[in-house]
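Work through the exercises below with the model open. Try each task before reading its solution.

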Amino acid sequence: MTQAEHSSTVEQRAEFSAPDGAESTLSLDGLLISFQKLQTRMAHLTASIAFSLGIGESDLLALIFIANQGGATPKQTGDFVVLSSGAVTNLIDRLVAAGLVERVPNPNDRRSLLINPTPSGSATVGSIADLFRRSFRESVRPEHFILLADAFATIGESLTRTAEGFVRPV
């Protein structure tokens, strides 16, 4: 981040501050706008990474999930990316063809398979994690990491509770 970009970011943060630490509509609206911009940038980054790998965005999200879990069943993967079993089969086929995951027998259930990342798949997810580590190092003070992680977790839990009120399209 250049000095000019950093100054602009600091000025934008100041616009969202409420006087005397009080919560205001402006501060929440500003926070929401910033969050929406972050979501848009994440979507663009996801699309760019997926395109560079020759896979779809859902494929990339599934790969990251599978690697972070140390392997997953097709059902777990489908639940995560919100796809039907047939669509998940096709997604896994694409990831296998790209050399990013492999199907292996499930040692706990002979009727099912596990989807494990290949060394290439693990390396790919590791490289993506490195991109985010760099962005966090450049943008967030280390003493704020725990606060930010807690905020992410709490917001995520709140969004999950909110989503439970909607019908899930599968």
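The exercises go from the overall fold to one helix pair and then to the core of this predicted model.

**Exercise 1. Describe the layout of the protein chain.**

Step 1. Count the elements: the protein chain has seven helices and two strands.
Step 2. From the N terminus they run α-α-α-α-α-β-β-α-α.
Step 3. Check burial. Of the 170 residues, 21% count as buried.
Step 4. Turn to contacts between residues at least 6 apart in sequence. Of these, 41% join residues at least 24 apart.

**Exercise 2. Classify how helices H3 and H4 pack.**

Step 1. Locate them: H3 spans residues 57-69 and H4 spans residues 74-81.
Step 2. Take the geometry. The angle is about 125°, and the axes lie 10 Å apart.
Step 3. Apply the cut-offs. Roughly perpendicular ends at 115 degrees and roughly antiparallel starts over 145, so H3 and H4 are oblique to each other.
Step 4. List the contact. Ser 58, Leu 61, Ala 62, Phe 65 and Ile 66 of H3 meet Gln 76, Thr 77, Phe 80 and Val 81 of H4.
Step 5. Sort these residues: six are nonpolar, three polar and none charged.

**Exercise 3. Find what builds the largest nonpolar core.**

Step 1. The core holds 20 residues; among those touching the most other members are Leu 63, Ile 66 and Leu 95.
Step 2. Helices H2, H3, H5 and H6 each give two or more residues.
Step 3. H3 supplies the largest share, six residues.
Step 4. Follow Leu 63 beyond its neighbours within four places in sequence. Its contacts include Leu 95, Val 101, Gly 121 and Val 125.

Notes: Residues numbered from 1 in each chain as written. Predicted model: local features only at pLDDT ≥ 70, side-chain atom pairs only at ≥ 80, totals over all residues. Heavy atoms only, no water. Axes fitted to C-alpha atoms, helices over the stretch in contact; angles between N-to-C directions. Helix = DSSP H or I, 4+ residues; strand = E, 2+ residues; numbered from the N terminus. Parallel < 35°, antiparallel > 145°, perpendicular 65-115°, else oblique. Contact = heavy atoms within 4.5 Å. Nonpolar A, V, L, I, M, F, W, Y, C, P; charged D, E, K, R; others polar. Core = buried A, V, L, I, M, F, W, Y, C linked by side-chain atoms within 4.5 Å. Buried < 20%, exposed > 50% of the residue type's maximum accessible area, 1.4 Å probe, protein only.
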